[in-house]
Amino acid sequence: MKYTLIVVVVFVLTQLVSCSGKGSNEFGNAEEAANLKKPNLVIIYMDDLGYGDLSAYGATAISTPNMDRLTNGGVRFTNGYATSATCTPSRYGLLTGSYPWRNKDAKILPGTAPLLIGTDQLTIPKMLKNLGYHTGIVGKWHLGLGEGDVNWNEPISPGPNEVGFDYSYIMAATQDRVPTVYIENGDVVNLDPNDPIEISYDQNFEGEPTGKDNPELTTMKWHHGHNNSIVNGIPRIGFMKGGEAAKWSDVDMADHFLEKAQSYVKSHKDGPFFLYYAFQQPHVPRTPNPRFVGKSGMGPRGDVILEADWMVGEFMKTLENEGLLENTMIIFTSDNGPVLNDGYYDDAVEKLGDHTPAGPLRGGKYSLFEAGTRVPFFTYWKGKIEPKVSDALVSQMDILNSLSSFLGSNETTKDGEDMINVFMGESQVGRESLILEATSRTALRKGDWLMIPPYQGPDKNKEVNIELGNSSDYQLYNLKNDIGQKTNLATSNEKKLKELKNEYESLVGDYHVAGGALDLK
């Protein structure tokens, strides 16, 4: 039988095969795997999509039928985690299978940052490439490019292609940061050599308008942070000059990435292939195509979620039309939890209505509370994974080791675990523990418990610090009984607190000092 595995970040790894016991795989061993047609893999990675943003996860004010079809047709995880509550470190953890807090540079990067992943480092695409896969990325990168001083007018290296991707079609950082151009295999798309690109995150270029000084030129108003160069009426983070012909159209971005993802699938349908399809929604600036404007009734944030759902549906149609659905494993998840006002006035707060992007969870993007890192996470493989809900504790870091085990590779990382049977829905035994991170602060999830060490917040605003999870005291929550983290049990259950403190120390060591935690002794 022909197999095609597609990891669409829907953690469709669960029913890839009837395995007996942790670590077994469909092919038995690497030699057998080499003699069989390998399945295609697809990871679909959303950007700032919250635990409660999908109707399959309980949303009632918004409907996401295409995502729901995958969620309800595979294994829906209720305890699926990104490694971090912000995008760059989560993407690092996903692709490398390693805790981002071990890398001091794994923070939210500017568009000019050097490549964060080492070219000698193991990654999902590199592991799969060694097994004969063609590997591709389409969408958001935000893991740095070059070696620190990129000339955007020449081939850019190192980048995705140097850490395992055969094909890359990306935006360098985020939609709200310069450079606002697409990059294909290291080259800026549609670049006019007579209009070279210049980028700075320190100072503006003479004569270039900004959101701060020229608000009359903007069509989207900045609330905080986003007041530098104006592109398509939208003020961005960072300064850019030149490259007019290469600048993207924001309202067409989702369509553009979809077309590239579909083309990649069609070009490599004979497989095996791995596609990392990294959406930009619902990250700011939220710029739905006119086809979706006003469709949600919740402003641009709701509209781009509906837009992304439609894109997922169209992508799945392509897999089906190319005869790949039954041979494709899809893993679907998000880089971190939701945020409403993230720098622009776009009615995300005012038009929210009854919708709760975090669902029953507390917190959101940037926060150590659950909604910062617990995200939609599901695996789908038509005919291989049976529909079910799993409470097993799993992390995006586990994808690398799980795929490696399934395919018979011996390449693994120390932080990731082999969860292939869990992803396939054949086991409910997930991780015992997981370190979670939010803006350099870490916490411990173990079993039903979450322990947050004391942190002195960088912001003097007490309400902001509470929202982020900062406190001068330990915080201890039983998530099984208190999913909304309303009752701190640190004082009333000192025995459990001590147990988790010791576990945390053994896993994290001295990192808490660099991360800003108070003395644990």
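Predicted model: local features only at pLDDT ≥ 70, side-chain atom pairs only at ≥ 80, totals over all residues.
**Exercise 1. Secondary structure and overall dimensions**

*Solution.* 
Step 1. The C-alpha trace spans about 65 × 60 × 45 Å along the principal axes of the protein.

**Exercise 2. Burial, contacts and surface**

State what percentage of the residues is buried and what share of the contacts joins residues 24 or more positions apart.

*Solution.* 
Step 1. A residue is buried when its relative accessible area is under 20%; buried residues amount to 63% of the 521 in the protein.
Step 2. Among contacts with a separation of 6 or more, 74% are between residues 24 or more positions apart.
Step 3. The protein has an accessible surface of about 19,400 Å². Carbon and sulfur atoms hold 46% of that surface.

**Exercise 3. Charges and salt bridges**

Count the positive and negative side chains, then count the salt bridges.

*Solution.* 
Step 1. There are 67 negative and 48 positive side chains in the protein. The centres of these two sets are 5 Å apart.
Step 2. Side chains of opposite charge can pair when their charged atoms come close.
Step 3. With a cut-off of within 4 Å between a side-chain nitrogen of Lys or Arg and a carboxyl oxygen of Asp or Glu, the count is 25 salt bridges.

**Exercise 4. Individual pairs**

For the pairs Arg301 with Asp53, Glu370 with Arg374, and Lys104 with Asp105, decide whether each partner is buried, partly exposed or exposed.

*Solution.* 
Step 1. Arg301 and Asp53 form a salt bridge whose closest N and O atoms are 2.6 Å apart. Arg301 belongs to helix H6 (residues 299–321), while Asp53 sits in the loop between strand S1 (40–46) and helix H2 (65–73), so the pair ties together parts that are 248 residues apart in sequence. Arg301 is buried at 3% relative accessibility, and Asp53 is buried at 0%.
Step 2. Glu370 and Arg374 meet at 2.8 Å, N to O. Glu370 counts as buried at 0% relative accessibility, as does Arg374 at 3%.
Step 3. A network is also present: shared partners in salt bridges join Asp47, Arg91, Lys140 and Asp335.
Step 4. Lys104 and Asp105 form a salt bridge at 3.4 Å, N to O. Lys104 is exposed, with 65% relative accessibility, whereas Asp105 is partly exposed at 43%.

Technical notes
Residues numbered from 1 in each chain as written. Heavy atoms only, no water. Buried < 20%, exposed > 50% of the residue type's maximum accessible area, 1.4 Å probe, protein only. Contact = heavy atoms within 4.5 Å. Areas by Shrake-Rupley, 256 points an atom, 1.4 Å probe, with all protein chains shown as cover. Lys, Arg positive; Asp, Glu negative; His and termini not counted. Charge placed at Lys NZ, Arg CZ, Asp CG, Glu CD. Helix = DSSP H or I, 4+ residues; strand = E, 2+ residues; numbered from the N terminus.
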